[in-house]
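Please keep the sequence and the 3D view at hand while reading.

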Amino acid sequence: MPLSWTRNGEVVELALGREPCNEIGLEMLGELERFLGELDVENTAALVIHSTVRGGFSAGANLRELYEGLVSRPVGEQAPEIADFIDRIHVVMDTLDMLPMTTIGVVHGVCFGGGFELALTCDVLVAERSARFCFPELRLGILPGFGGIPRLRRDVSNAVVRDLLLTGRSINAKKAIACGLVSQMVAPGEGLTAARAVATQATKFDRDALATTKRFMKPLPRADLDLEKQHFLRLAAKPALREALHKFVNSDDLRPYLP
Amino acid sequence: MSNSLERLIQLSSRRYGVEATTLKSEDDVFEKLGIDSFQAVELMSELEMEFDIEIPDYELQGVRTFGQLAAAIDKRR
(Lines give C-alpha, C1' and ligand atoms only; values in the text may rest on other atoms or scores of the structure.)
Protein backbone atom coordinates (compact mmCIF):
# COMPACT_ATOMS: atom_id res chain seq x y z
CA MET A 1 0.00 0.00 0.00
CA PRO A 2 1.40 3.42 -0.86
CA LEU A 3 -0.17 4.96 2.24
CA SER A 4 -1.09 3.69 5.67
CA TRP A 5 -2.20 5.47 8.78
CA THR A 6 -2.55 4.72 12.45
CA ARG A 7 -4.14 6.54 15.37
CA ASN A 8 -2.78 6.77 18.88
CA GLY A 9 -5.22 8.82 20.96
CA GLU A 10 -5.43 12.27 19.38
CA VAL A 11 -2.36 11.73 17.19
CA VAL A 12 -2.54 10.29 13.67
CA GLU A 13 0.52 9.08 11.79
CA LEU A 14 0.43 8.94 8.01
CA ALA A 15 3.16 6.72 6.55
CA LEU A 16 4.19 7.13 2.92
CA GLY A 17 5.34 3.73 1.76
CA ARG A 18 5.38 3.61 -2.00
CA GLU A 19 8.61 2.25 -3.48
CA PRO A 20 10.94 3.48 -4.74
CA CYS A 21 10.42 6.96 -3.24
CA ASN A 22 6.77 7.90 -2.82
CA GLU A 23 6.25 9.20 -6.34
CA ILE A 24 2.98 11.13 -6.51
CA GLY A 25 0.77 9.90 -9.33
CA LEU A 26 -2.86 8.88 -9.61
CA GLU A 27 -2.52 6.05 -7.09
CA MET A 28 -0.91 8.20 -4.42
CA LEU A 29 -3.35 11.03 -5.11
CA GLY A 30 -6.31 8.66 -4.65
CA GLU A 31 -4.84 7.37 -1.39
CA LEU A 32 -4.28 10.89 -0.06
CA GLU A 33 -7.89 11.73 -0.90
CA ARG A 34 -9.06 8.56 0.86
CA PHE A 35 -6.97 9.40 3.92
CA LEU A 36 -8.39 12.91 4.18
CA GLY A 37 -11.90 11.55 3.69
CA GLU A 38 -11.45 9.16 6.60
CA LEU A 39 -9.53 11.48 8.94
CA ASP A 40 -11.54 12.24 12.07
CA VAL A 41 -10.55 15.91 12.23
CA GLU A 42 -12.54 16.74 15.36
CA ASN A 43 -10.74 14.17 17.45
CA THR A 44 -7.23 14.78 16.14
CA ALA A 45 -4.77 17.22 17.68
CA ALA A 46 -1.76 16.34 15.54
CA LEU A 47 -0.85 14.63 12.29
CA VAL A 48 2.62 13.26 11.61
CA ILE A 49 3.54 12.62 7.97
CA HIS A 50 6.60 10.46 7.43
CA SER A 51 8.11 8.07 4.92
CA THR A 52 8.93 4.43 5.45
CA VAL A 53 10.99 4.03 2.28
CA ARG A 54 14.77 4.19 2.36
CA GLY A 55 15.26 6.75 -0.42
CA GLY A 56 13.60 9.61 1.36
CA PHE A 57 10.40 11.53 1.99
CA SER A 58 9.29 11.73 -1.65
CA ALA A 59 10.93 12.12 -5.05
CA GLY A 60 7.93 14.13 -6.26
CA ALA A 61 5.51 13.64 -9.12
CA ASN A 62 5.40 10.27 -10.83
CA LEU A 63 7.23 11.38 -13.96
CA ARG A 64 7.01 8.02 -15.72
CA GLU A 65 3.24 8.00 -15.34
CA LEU A 66 3.05 11.60 -16.54
CA TYR A 67 5.22 10.76 -19.56
CA GLU A 68 3.18 7.68 -20.46
CA GLY A 69 0.01 9.76 -20.23
CA LEU A 70 1.49 12.40 -22.48
CA VAL A 71 2.77 10.07 -25.19
CA SER A 72 -0.39 7.98 -25.28
CA ARG A 73 -2.36 10.89 -26.75
CA PRO A 74 -1.79 13.43 -29.52
CA VAL A 75 -0.15 16.72 -28.56
CA GLY A 76 -2.75 19.12 -27.23
CA GLU A 77 -5.21 16.47 -26.08
CA GLN A 78 -3.68 15.80 -22.64
CA ALA A 79 -4.64 19.12 -21.11
CA PRO A 80 -7.97 18.11 -19.48
CA GLU A 81 -6.40 15.13 -17.68
CA ILE A 82 -3.45 17.16 -16.41
CA ALA A 83 -5.78 19.96 -15.31
CA ASP A 84 -7.97 17.44 -13.46
CA PHE A 85 -4.95 15.99 -11.67
CA ILE A 86 -3.69 19.45 -10.74
CA ASP A 87 -7.12 20.50 -9.43
CA ARG A 88 -7.36 17.35 -7.29
CA ILE A 89 -3.84 17.59 -5.89
CA HIS A 90 -4.40 21.26 -5.04
CA VAL A 91 -7.50 20.33 -3.03
CA VAL A 92 -5.45 17.69 -1.17
CA MET A 93 -2.54 20.06 -0.49
CA ASP A 94 -4.83 22.92 0.58
CA THR A 95 -6.80 20.61 2.87
CA LEU A 96 -3.62 19.30 4.50
CA ASP A 97 -2.31 22.85 4.81
CA MET A 98 -5.41 24.08 6.64
CA LEU A 99 -6.18 21.12 8.92
CA PRO A 100 -7.13 22.54 12.34
CA MET A 101 -4.39 20.56 14.08
CA THR A 102 -0.60 20.60 14.26
CA THR A 103 0.87 18.85 11.24
CA ILE A 104 4.46 17.65 11.39
CA GLY A 105 6.48 16.45 8.41
CA VAL A 106 9.46 14.16 8.98
CA VAL A 107 11.94 14.41 6.15
CA HIS A 108 14.90 12.19 5.41
CA GLY A 109 16.80 11.74 2.15
CA VAL A 110 15.17 12.94 -1.04
CA CYS A 111 12.48 15.63 -0.75
CA PHE A 112 12.14 16.82 -4.31
CA GLY A 113 9.51 18.53 -6.45
CA GLY A 114 6.00 17.42 -5.55
CA GLY A 115 7.37 15.72 -2.43
CA PHE A 116 8.85 19.03 -1.33
CA GLU A 117 5.46 20.62 -2.04
CA LEU A 118 3.76 18.04 0.18
CA ALA A 119 6.28 18.73 2.97
CA LEU A 120 5.59 22.46 2.66
CA THR A 121 1.97 21.93 3.68
CA CYS A 122 3.16 20.91 7.16
CA ASP A 123 3.26 23.32 10.10
CA VAL A 124 6.52 21.97 11.50
CA LEU A 125 9.23 20.25 9.48
CA VAL A 126 11.66 17.95 11.24
CA ALA A 127 14.60 17.12 8.99
CA GLU A 128 17.01 14.30 9.55
CA ARG A 129 20.60 15.17 8.61
CA SER A 130 20.25 13.23 5.34
CA ALA A 131 17.34 15.38 4.10
CA ARG A 132 17.80 17.18 0.79
CA PHE A 133 15.34 19.61 -0.75
CA CYS A 134 15.05 20.51 -4.41
CA PHE A 135 12.71 21.96 -7.01
CA PRO A 136 14.01 20.54 -10.30
CA GLU A 137 10.90 21.51 -12.30
CA LEU A 138 12.53 24.10 -14.56
CA ARG A 139 14.66 21.30 -15.98
CA LEU A 140 11.42 19.77 -17.23
CA GLY A 141 10.19 22.97 -18.82
CA ILE A 142 7.62 23.59 -16.09
CA LEU A 143 7.42 25.11 -12.62
CA PRO A 144 6.21 23.45 -9.43
CA GLY A 145 2.48 22.84 -9.87
CA PHE A 146 1.24 21.46 -6.54
CA GLY A 147 1.31 24.83 -4.77
CA GLY A 148 4.99 24.74 -3.84
CA ILE A 149 6.06 28.23 -4.83
CA PRO A 150 3.53 30.23 -2.77
CA ARG A 151 4.08 27.91 0.19
CA LEU A 152 7.87 28.16 -0.03
CA ARG A 153 7.60 31.95 -0.32
CA ARG A 154 5.41 31.96 2.77
CA ASP A 155 8.31 30.51 4.78
CA VAL A 156 11.61 31.68 3.30
CA SER A 157 13.03 34.79 1.65
CA ASN A 158 12.31 35.54 -1.97
CA ALA A 159 16.05 35.41 -2.69
CA VAL A 160 16.26 31.80 -1.55
CA VAL A 161 13.10 30.92 -3.46
CA ARG A 162 14.59 32.35 -6.64
CA ASP A 163 17.92 30.57 -6.08
CA LEU A 164 16.20 27.21 -5.60
CA LEU A 165 13.83 27.59 -8.53
CA LEU A 166 16.11 29.28 -11.04
CA THR A 167 19.13 27.03 -10.48
CA GLY A 168 17.28 23.81 -9.67
CA ARG A 169 19.96 23.06 -7.09
CA SER A 170 19.31 20.98 -4.01
CA ILE A 171 20.03 22.04 -0.44
CA ASN A 172 20.81 20.04 2.67
CA ALA A 173 19.11 20.08 6.07
CA LYS A 174 21.59 22.52 7.57
CA LYS A 175 20.92 25.07 4.82
CA ALA A 176 17.18 24.40 5.18
CA ILE A 177 17.45 25.31 8.86
CA ALA A 178 19.53 28.40 8.09
CA CYS A 179 17.00 29.75 5.57
CA GLY A 180 13.98 29.07 7.76
CA LEU A 181 12.46 26.24 5.76
CA VAL A 182 12.97 23.69 8.52
CA SER A 183 12.80 24.33 12.24
CA GLN A 184 14.28 21.17 13.70
CA MET A 185 17.20 19.00 12.55
CA VAL A 186 17.88 15.61 14.11
CA ALA A 187 20.22 12.67 13.66
CA PRO A 188 19.43 9.97 11.07
CA GLY A 189 16.58 7.77 12.25
CA GLU A 190 15.47 10.19 14.98
CA GLY A 191 12.92 12.17 12.97
CA LEU A 192 9.82 10.23 13.90
CA THR A 193 10.67 10.32 17.61
CA ALA A 194 11.15 14.10 17.47
CA ALA A 195 7.89 14.51 15.53
CA ARG A 196 5.97 12.42 18.06
CA ALA A 197 7.22 14.73 20.81
CA VAL A 198 5.90 17.75 18.87
CA ALA A 199 2.60 15.92 18.38
CA THR A 200 2.36 15.22 22.11
CA GLN A 201 2.71 18.94 22.77
CA ALA A 202 -0.30 19.57 20.53
CA THR A 203 -2.44 17.21 22.60
CA LYS A 204 -1.84 19.39 25.68
CA PHE A 205 -3.26 22.56 24.15
CA ASP A 206 -6.78 23.92 23.88
CA ARG A 207 -7.92 22.94 20.39
CA ASP A 208 -9.48 26.30 19.57
CA ALA A 209 -6.32 28.13 20.66
CA LEU A 210 -4.18 25.79 18.57
CA ALA A 211 -6.35 26.06 15.44
CA THR A 212 -6.72 29.83 15.78
CA THR A 213 -2.96 30.34 16.16
CA LYS A 214 -2.30 28.17 13.13
CA ARG A 215 -4.87 30.01 11.00
CA PHE A 216 -3.42 33.34 12.09
CA MET A 217 0.22 32.39 11.44
CA LYS A 218 -0.22 30.31 8.30
CA PRO A 219 -2.79 31.81 5.94
CA LEU A 220 -3.37 30.03 2.66
CA PRO A 221 -1.84 32.11 -0.18
CA ARG A 222 -5.00 31.63 -2.27
CA ALA A 223 -4.37 34.11 -5.09
CA ASP A 224 -0.81 32.92 -5.69
CA LEU A 225 -1.85 29.27 -5.59
CA ASP A 226 -4.39 29.93 -8.35
CA LEU A 227 -1.82 31.86 -10.35
CA GLU A 228 0.78 29.12 -10.00
CA LYS A 229 -1.76 26.60 -11.28
CA GLN A 230 -2.41 28.73 -14.37
CA HIS A 231 1.31 29.10 -15.10
CA PHE A 232 1.84 25.37 -14.63
CA LEU A 233 -0.95 24.35 -16.98
CA ARG A 234 0.24 26.72 -19.69
CA LEU A 235 3.81 25.40 -19.53
CA ALA A 236 2.74 21.76 -19.22
CA ALA A 237 0.89 22.02 -22.53
CA LYS A 238 4.10 22.86 -24.40
CA PRO A 239 6.36 20.29 -26.14
CA ALA A 240 9.30 21.09 -23.82
CA LEU A 241 7.78 18.98 -21.02
CA ARG A 242 7.32 15.94 -23.23
CA GLU A 243 10.90 16.26 -24.56
CA ALA A 244 12.39 16.64 -21.07
CA LEU A 245 10.38 13.69 -19.74
CA HIS A 246 11.49 11.55 -22.68
CA LYS A 247 15.10 12.30 -21.73
CA PHE A 248 14.40 11.64 -18.05
CA VAL A 249 12.67 8.27 -18.42
CA ASN A 250 15.36 7.03 -20.81
CA SER A 251 18.26 8.19 -18.65
CA ASP A 252 20.46 5.68 -16.85
CA ASP A 253 22.35 8.48 -15.10
CA LEU A 254 22.65 8.06 -11.36
CA ARG A 255 21.71 11.70 -11.01
CA PRO A 256 19.01 12.24 -13.66
CA TYR A 257 17.85 15.33 -11.78
CA LEU A 258 21.01 17.16 -12.80
CA PRO A 259 20.42 19.56 -15.72
CA MET B 1 47.21 13.45 -2.22
CA SER B 2 45.31 16.67 -1.46
CA ASN B 3 43.77 17.18 1.94
CA SER B 4 40.25 17.21 0.44
CA LEU B 5 40.84 14.01 -1.50
CA GLU B 6 42.14 12.27 1.60
CA ARG B 7 39.15 13.39 3.69
CA LEU B 8 36.75 12.43 0.90
CA ILE B 9 38.25 8.96 0.71
CA GLN B 10 38.20 8.53 4.49
CA LEU B 11 34.56 9.61 4.69
CA SER B 12 33.58 7.33 1.80
CA SER B 13 35.41 4.43 3.35
CA ARG B 14 33.80 4.97 6.73
CA ARG B 15 30.31 5.52 5.36
CA TYR B 16 30.18 2.75 2.77
CA GLY B 17 32.49 0.16 4.31
CA VAL B 18 35.05 0.15 1.49
CA GLU B 19 38.73 -0.17 2.43
CA ALA B 20 40.30 3.31 2.05
CA THR B 21 43.51 1.99 0.48
CA THR B 22 41.48 0.60 -2.44
CA LEU B 23 40.02 4.02 -3.31
CA LYS B 24 42.08 5.99 -5.82
CA SER B 25 41.76 9.49 -7.23
CA GLU B 26 40.88 8.19 -10.70
CA ASP B 27 38.22 5.71 -9.46
CA ASP B 28 34.55 6.29 -10.32
CA VAL B 29 32.92 7.29 -7.02
CA PHE B 30 29.54 5.74 -7.67
CA GLU B 31 30.78 2.47 -9.14
CA LYS B 32 33.49 2.00 -6.54
CA LEU B 33 31.15 2.65 -3.61
CA GLY B 34 28.28 0.75 -5.26
CA ILE B 35 25.72 3.42 -4.46
CA ASP B 36 22.36 4.17 -6.08
CA SER B 37 20.83 7.53 -6.97
CA PHE B 38 19.30 8.02 -3.52
CA GLN B 39 22.61 7.29 -1.80
CA ALA B 40 24.30 9.72 -4.21
CA VAL B 41 21.96 12.45 -2.91
CA GLU B 42 22.78 11.51 0.68
CA LEU B 43 26.49 11.53 -0.09
CA MET B 44 26.22 15.13 -1.27
CA SER B 45 24.70 16.19 2.03
CA GLU B 46 27.35 14.31 3.99
CA LEU B 47 30.16 15.93 2.02
CA GLU B 48 28.68 19.39 2.45
CA MET B 49 28.41 18.91 6.19
CA GLU B 50 31.86 17.32 6.49
CA PHE B 51 33.52 20.22 4.66
CA ASP B 52 31.03 22.87 5.84
CA ILE B 53 30.33 24.02 2.29
CA GLU B 54 27.50 24.07 -0.25
CA ILE B 55 28.07 22.42 -3.61
CA PRO B 56 25.42 23.39 -6.16
CA ASP B 57 24.37 20.33 -8.18
CA TYR B 58 25.25 21.98 -11.48
CA GLU B 59 28.90 22.16 -10.42
CA LEU B 60 28.90 18.37 -10.23
CA GLN B 61 27.93 17.83 -13.84
CA GLY B 62 30.37 15.40 -15.38
CA VAL B 63 32.03 14.71 -12.03
CA ARG B 64 32.63 10.98 -11.74
CA THR B 65 35.96 10.35 -9.98
CA PHE B 66 37.17 10.95 -6.44
CA GLY B 67 39.76 13.38 -7.82
CA GLN B 68 37.15 15.38 -9.72
CA LEU B 69 34.88 15.45 -6.68
CA ALA B 70 37.73 16.62 -4.43
CA ALA B 71 38.47 19.42 -6.93
CA ALA B 72 34.78 20.45 -6.90
CA ILE B 73 34.92 20.54 -3.09
CA ASP B 74 38.06 22.67 -3.12
CA LYS B 75 36.37 25.27 -5.32
CA ARG B 76 33.84 25.86 -2.55
CA ARG B 77 36.17 25.83 0.48
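A salt bridge is a side-chain nitrogen of Lys or Arg within 4 Å of a carboxyl oxygen of Asp or Glu. The model discussed here is predicted.

**Salt bridges**

Side chains of opposite charge can pair when their charged atoms come close. Over all chains, a search of the whole structure finds 31 salt bridges. One of them joins the side chains of Asp97(A) and Arg151(A), with an N to O distance of 2.5 Å. Asp97(A) belongs to helix H3 of chain A and Arg151(A) to helix H5 (residues 148-155) of chain A, so this pair ties together parts that are 54 residues apart in sequence. Another salt bridge links Arg169(A) to Glu54(B) through their side chains. The table lists these two pairs.

| Salt bridge | Distance, N to O |
|---|---|
| Asp97(A) and Arg151(A) | 2.5 Å |
| Arg169(A) and Glu54(B) | 2.8 Å |

**The interface between chains A and B**

The size of an interface is often given as the accessible area lost when the parts come together. Between chain A and chain B, the buried area is about 2200 Å², and carbon and sulfur atoms give 56% of that area. In this interface, 24 residues of chain A are in contact with 22 residues of chain B. The count of salt bridges between chain A and chain B is 5, and the pair Arg169(A) and Glu54(B) is a salt bridge between side chains of these chains.

**Two helices of chain A**

Two packed helices are described by the angle between their axes and the distance between the axes. In chain A, the axes of helix H1 (residues 26-38) and helix H3 (residues 79-98) come within 10 Å and cross at roughly 40°. H1(A) and H3(A) are therefore oblique to each other. The crossing in which H1(A) passes H3(A) is left-handed. By class, the contact of H1(A) with H3(A) comprises 8 nonpolar, 2 polar and 2 charged residues. The H1(A) residues taking part include Leu26(A), Gly30(A) and Glu33(A), while those of H3(A) include Phe85(A), Arg88(A) and Thr95(A).

Most residues other than glycine have a negative phi, and most peptide bonds are trans. Which peptide bond is cis, with omega near 0°? It is the bond from Glu19(A) to Pro20(A). Pro20(A) is placed in the loop between strand S2 (11-16) and H1 of chain A. Asn22(A) is also found in the loop between S2 and H1 of chain A. Phi of Asn22(A) is near 55°, which is a positive value in a residue other than glycine.

Notes: Residues numbered from 1 in each chain as written. Chains lettered and ligands numbered in written order. Predicted model: local features only at pLDDT ≥ 70, side-chain atom pairs only at ≥ 80, totals over all residues. Heavy atoms only, no water. Axes fitted to C-alpha atoms, helices over the stretch in contact; angles between N-to-C directions. Helix = DSSP H or I, 4+ residues; strand = E, 2+ residues; numbered from the N terminus. Parallel < 35°, antiparallel > 145°, perpendicular 65-115°, else oblique. Left-handed = near helix turned anticlockwise from the far one by under 90°. Contact = heavy atoms within 4.5 Å. Nonpolar A, V, L, I, M, F, W, Y, C, P; charged D, E, K, R; others polar. Buried area = accessible area lost by both parts, 1.4 Å probe.
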